[in-house]
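Thanks for passing this one along. Here is my note, written as numbered points to read beside the model.

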Amino acid sequence: MTEPVLQLRGITKSFGGLKVCTDINLQIVPGELHALIGPNGAGKTTLLNLITGQLPADSGSLSFNGSDITKKSVHERARQGMARSFQITSLFTSFTVRENIELAVQAIQGSSYRFWRPAAGDPELEEPAGKIMARVGLLERAHIRAANLSHGEQRLLEMGMALATRPSLLLLDEPMAGLGPGSSHNLAQQIMELKGSIAILLVEHDMNAVFSLADRISVLVQGSIIATGRPREIRNNPEVQEAYLGTPC
Amino acid sequence: MKIAQFRLRQNVFCLAGLVLLALLPWLLDLCGQQYLLSLATRALIYGLAASSLNLILGYGGMVSLGHAAFMGIGGYVVGIMAFHSYDKIPVFGMLPQSTGSENGLLVWPLAMLLAGIFALITGAISLRTKGMHFIMITLAFAQMVYFFFTSLDAYGGSDGISLYNRNTLPGLDLGNDQVFYYLCLSLLLGFLFLMHRLTGSRFGRVLIGSRENEQRLQILGFAPFGYRLLSYCLAGSVAGLAGVLLVNQGEFVSPGMTHWTRSGEILVMVLLGGMGKLFGPLLGAVVFLFLEEYLAMYTEHWMVILGPFLILVVLYARGGLYSLLFDRKGNHD
Ligand SMILES: Nc1ncnc2c1ncn2[C@@H]1O[C@H](COP(=O)(O)OP(=O)(O)OP(=O)(O)O)[C@@H](O)[C@H]1O
Ligand SMILES: [Mg+2]
């Protein structure tokens, strides 16, 4: 079998007495869209934070593209090709849309210890940023400050920034949360287009989206993964139905 | 259209301000108010110090309450070198005396270097903390510097050192107040130009990004620490230069220059003028020093008047006076 992009082995995390992730084992293979579902407070966001390194794991190990990253910092993991979007929108709010994307582009163009040449108008930044903005549909909004975008546009910008770093693994934390049906469909379309070209770990509450997009699904309940499998298997898994989906569907 | 209007107004004001600064010595001569030149020079020097603080505070989001320490280090390098040249004693028993210890080409870069090294060491420690901790730690380092200079009995202890003359620079008579004014103005404008380029560069975007959203910056693959530390060193060394100029102007240096209230004043100048705006801190320094001068003529309790004024500006104009003058309400596009 192909080597996994991301491999978690025995990852555990507690906050004080509260065990939020218990012995998590998870594999993401190249090109797959892996969905992570679970009820509120199950530990999904925490698990993403453990993967990016924003939180240190209490025990267990992670490897990414074949190398052990357990001890690596957030920015080192990012440099190796990991990108994420946040459940709570996280942008450079006083920057324009273009500047947000360009800063992300800058991250993969070698050293940013460049002091003299203006970043504004630099074609090396402008061109890739233009492509990304066109792709997520924000080209017309390029000069608007991120703070002044609508919620839906901010979610698209989150996505654009993550894509601009050309990741091999994309972590998406509820990208469609709070979106109307139109924007939601738009975003699902974006994700669909990415499918196959990079590995994606998608946390999402919208079950229709999850079951139509995902290649495989893992179900997290109270910090443990109770099942992993193809959408059909998950749908028919009695344990999942009982613990999470509530009623058979 | 509204935005274009404000831009135009800003450019006109800035240009007028620059012309005024350039012609000031001549204008003061014309109306026989030469005594104001020393106040104006001081405003330029504090403008330089406040601008350097603006780099780390306004663009980098680092609230330092110890900026006067760098000025003090710069100033004491001038004072100590001069002291040795008068007494013909080798500096620290090592450096041979007499050669160039009053030469600005030697002393000034040395002062900036030492202030920069101090910034490197203290920055490497304090930048590991955030928010209130960072404020307190920069304050603590500055107080250490203050007590260190107070304890230097060989150099006048808390009384400080008086200079007999200003440093020398080839081709410039720094003893002439007008020449000295123009030197300060050139150094200030030079630094502002440098800062303009720096904050608009790729480096500057990362620095501003670290102020805006550190989490996002890291997840993009940047380590903010190095960008912050480098800005901190540059700011420290330029504040050291401001200290050099201040001591040359007044021909006197004492530990009082590094007291935390001085750091507080520089911080207030930045907030008053407008942090994160290139010309904001210069405006803040000018307004602060002139208010201080004129209010002090009417009452010794001038702080009672200045204090509430500052609070009003900081509360109602978050971008300082600069935004009050030149930005549309809320500063949005
Ligand atoms: N920094 C923290 N300190 C203490 N407890 C935390 C912290 N972060 C999360 N928790 C707790 O850990 C549990 C899991 O939280 P997490 O945010 O990972 O859930 P989630 O699955 O993402 O939920 P949601 O679907 O609501 O986003 C919750 O009970 C939460 O209160
Ligand atoms: Mg969550």
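The points below take the ligand site and then the sheet.

1. A word on the basis. This is a predicted model, in which local features need pLDDT of at least 70, side-chain atom pairs count only at pLDDT 80 or more, and totals for chains, interfaces and linings use all residues. Residues are numbered from 1 along each chain as its sequence is written, chains are lettered from A and ligands numbered from 1 in the order in which they are written, and side-chain values use heavy atoms, with hydrogens and water left out.

2. The shell around ligand 1 has 13 residues, and Gly41(A), Lys44(A), Thr45(A), Thr46(A) and Gln87(A) come nearest (a residue counts as near if one of its heavy atoms lies within 4 Å). By type, the shell divides into 4 nonpolar, 7 polar and 2 charged residues, with Gly counted among the polar ones. H1(A) gives the largest share, 3 residues; strand E2 (18-28) and helix H1 (44-52) of chain A each supply at least two. Helices (H or I, at least four residues) and strands (E, at least two) are DSSP runs, numbered from the N terminus.

3. Do look at the ligand's oxygen atoms. One is 2.7 Å from a side-chain N or O atom of Thr45(A), one is 2.9 Å from a polar backbone atom of Gly41(A), and one is 3.1 Å from a side-chain N or O atom of Asn40(A). The protein buries 60% of the 640 Å² that ligand 1 exposes when taken alone (Shrake-Rupley method, 1.4 Å probe).

4. Now the sheet: 6 strands of chain A form an open sheet with mixed pairing, in the order E6-E7-E8-E3-E9-E10. Two strands pair if DSSP finds at least two bridges between them. Strand E6 (82-85) and strand E10 (224-229) of chain A are the edges, each pairing on one side only.

5. E9 of chain A (216-221) pairs in the parallel sense with E3 of chain A (33-37) over 4 bridges, and His34(A) has Arg216(A) as its bridge partner. E9(A) and E10(A) run antiparallel, joined by 5 bridges, with Ser218(A) partnered by Thr228(A). Their hairpin has 2 residues between the strands, and Gln222(A) takes a positive phi near 45 degrees.

6. Finally, the helices. Helix H5 (151-164) of chain A lies across E6 and strand E7 (169-173) of chain A, at about 160 degrees to E7(A). Angles run from 0 to 180 degrees between N-to-C directions, and contact means heavy atoms within 4.5 Å.

Terms used:
A polar contact is a pair of N or O atoms within 3.5 Å; within protein, one must be able to donate a hydrogen and the other to accept it, and residues adjacent in sequence count only if both atoms are side-chain atoms.
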